[in-house]
Amino acid sequence: MILPDIMNAMVLEKQGEALYYKQVPLPYPQSKQVLVKVVACGVCRTDLHILDGELSNPKLPLIPGHEIIGRVVSTGDDVSLVKTGDFIGIPWLGYTCGKCKYCLQNKENLCENALFTGYTLNGGYAEYTVADERYCFGLSSVYANAAGAPLLCAGLIGYRCYKMMGENISNIGLYGFGAAAHIVIQMAVFQNKKVFAFTREGDVETQKFATKLGAVWAGASNEAPPCMLDAAIIFAPAGNLVPAALRNVDKGGVVVCGGIHMSDIPSFPYNLLWGERIIRSVANLTRKDGEEFLKLAPAIPVKTETQLFNLQQANEALEALRKGHIQGAAVLIMP
Ligand SMILES: [Zn+2]
Ligand SMILES: [Zn+2]
C-alpha cells in the first residue's frame with residue numbers, strides 16, 4: 001500500500017476555539033507503534049471538556065478523538081502483537097509507565113505518567129493515527145466499523161462504572177442517558193437488572209429511547225423513581241446530580257461518577273450519605289477492562305446507535321453533543 005505524505009485532520013490549536021480542518025504530515029510509527037488508517041472515531045464528552053479548557057494542559061496543537069476504529073497499515077520496530085491488515089480499536093489510555101506505585105498495584109488507570117489518546121497524544125479526528133500496540137484492542141469483526149467506535153470509551157468507561165456499582169444489585173439508576181448509558185443498559189438488561197433512566201427535564205425523546213432499550217422507568221433527573229435504587233451511575237457532568245442520586249439510592253448503595261469532569265457538587269445533608277452509602281469516581285480504564293468488555297459486548301450483543309458525521313463536521317458533532325441532540329453516540333467517519 002502506498003501511503004500519502006500528508007493527511008486531513010481536525011486540529012485543536014488553542015483551547016476555547018473551534019477545531020480547524022487542516023492538512024498535516026502523516027505520522028510515522030515509532031518503536032512499538034502502529035500506523036492506523038482510521039475508519040471511524042467516536043465523539044466523546046471528554047473531547048468537549050478538552051476543547052473548553054475544563055481539562056488543562058493538552059498537547060497542542062492536538063488532534064482529538066479517543067474512540068478509534070481503524071486498520072493497521074504499517075508498523076514500527078519491535079511490533080509483535082498486531083500486524084498490517086488487522087482491525088483494531090484505540091482507546092483513551094495510550095501509555096502507562098509500568099513503574100509507578102499505581103502501575104505496580106495493577107491500577108494502571110491511575111498511572112502518574114500515563115498518556116491519553118486525543119489529549120496528551122494525537123487521536124483519531126484524522127485519516128491516520130499512530131498508537132502503541134500494547135494499548136490497542138483486537139476487535140470482533142462485527143465492530144470493525146462506525147458502530148464499534150463508541151465501545152472504545154463510552155463502552156469501556158461504562159463497563160468500568162458498571163463493575164464499580166458492586167455485586168448483587170438489581171435496581172440501577174443511570175443519570176444522563178447518552179453514549180455510555182445506552183451501552184450500559186444493554187449489559188444490565190442482559191443480566192436481568194432493572195434500569196431507571198434519568199434525563200434532562202422534558203427530554204421525552206431520550207426517555208423514549210431509554211424505554212426502547214429496556215428501561216423499566218424513565219423520567220427527569222429531579223424526579224423520584226418508583227422504588228429505591230441499589231446503585232446509580234452519573235454520566236452527566238452536573239454536580240447537582242450527586243445529592244439527587246444519593247437521595248434515591250438505598251442503604252449500602254454506590255453512586256458512581258463516570259465523567260472526567262463535573263461541575264461543583266452542592267452541599268447536602270449528611271443523612272443522604274449516612275447508611276453506608278458510597279460516592280466514588282471512575283478514572284480512565286485499564287487494559288483488563290477493555291479485554292473483558294470487548295469479549296462481553298459481542299456476546300450480548302451490544303448494538304450502538306450512532307449519528308454519523310464526516311471528519312470536517314467534527315465541530316458540528318461536538319455542538320450537537322453539547323446541546324444534548326445526539327441519540328446514542330456521535331461518530332466521525334473518514335473519507
Ligand atoms: Zn505508572
Ligand atoms: Zn471518552
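**View 1. The open sheet of six strands in the predicted model.** In this predicted model, the sheet has the strand order β12-β11-β10-β13-β14-β15 with parallel pairing, where two strands pair if DSSP finds at least two bridges between them, and where strands (E, at least two residues) and helices (H or I, at least four residues) are DSSP runs numbered from the N terminus. The edge strands, each of which pairs on one side only, are β12 (217-220) and β15 (278-281). Direction ignored, neighbouring strands of this sheet are turned by 20° against each other on average. Residues are numbered from 1 along each chain as its sequence is written, chains are lettered from A and ligands numbered from 1 in the order in which they are written. In this predicted model, local features need pLDDT of at least 70 and side-chain atom pairs count only at pLDDT 80 or more, whereas totals for chains, interfaces and linings use all residues.

**View 2. Strands β13 and β14 with helix α6.** Strand β13 (residues 229-234) and strand β14 (residues 249-257) run parallel and are joined by five bridges; Ile-234 has Cys-257 in β14 as its bridge partner. Helix α6 (residues 241-248) lies across β10 (171-175), β13, β14 and β15, and runs at about 150° to β14, the angle being taken from 0 to 180 degrees between N-to-C directions of axes, which are lines fitted to C-alpha atoms, for helices over the stretch in contact.

**View 3. The packing of helices α3 and α4.** Helix α3 (residues 154-164) packs against helix α4 (residues 179-190) at an angle of about 55°, with the axes 8 Å apart. The two helices are therefore oblique to each other, a class that holds the angles left over when those under 35 degrees (roughly parallel), over 145 (roughly antiparallel) and 65 to 115 (roughly perpendicular) are set aside. Ala-154, Gly-155, Ile-157, Gly-158 and Tyr-162 in α3 meet Ala-179, Ala-180, Ile-183, Val-184 and Met-187 in α4, contact requiring that C-beta atoms, placed from the backbone, lie within 7 Å. By class, this contact of α3 with α4 has eight nonpolar, two polar and no charged residues, where Ala, Val, Leu, Ile, Met, Phe, Trp, Tyr, Cys and Pro count as nonpolar, Asp, Glu, Lys and Arg as charged, and the others, Gly among them, as polar.

View 4. The chain is divided into domain 1 (6-152 + 305-333) and domain 2 (156-281), with bounds from an automatic or database domain assignment. Their C-alpha centres lie 27 Å apart, and the contact takes 15 residues from domain 1 and 14 residues from domain 2.

Definitions and conventions:
Contact = placed C-beta atoms within 7 Å.
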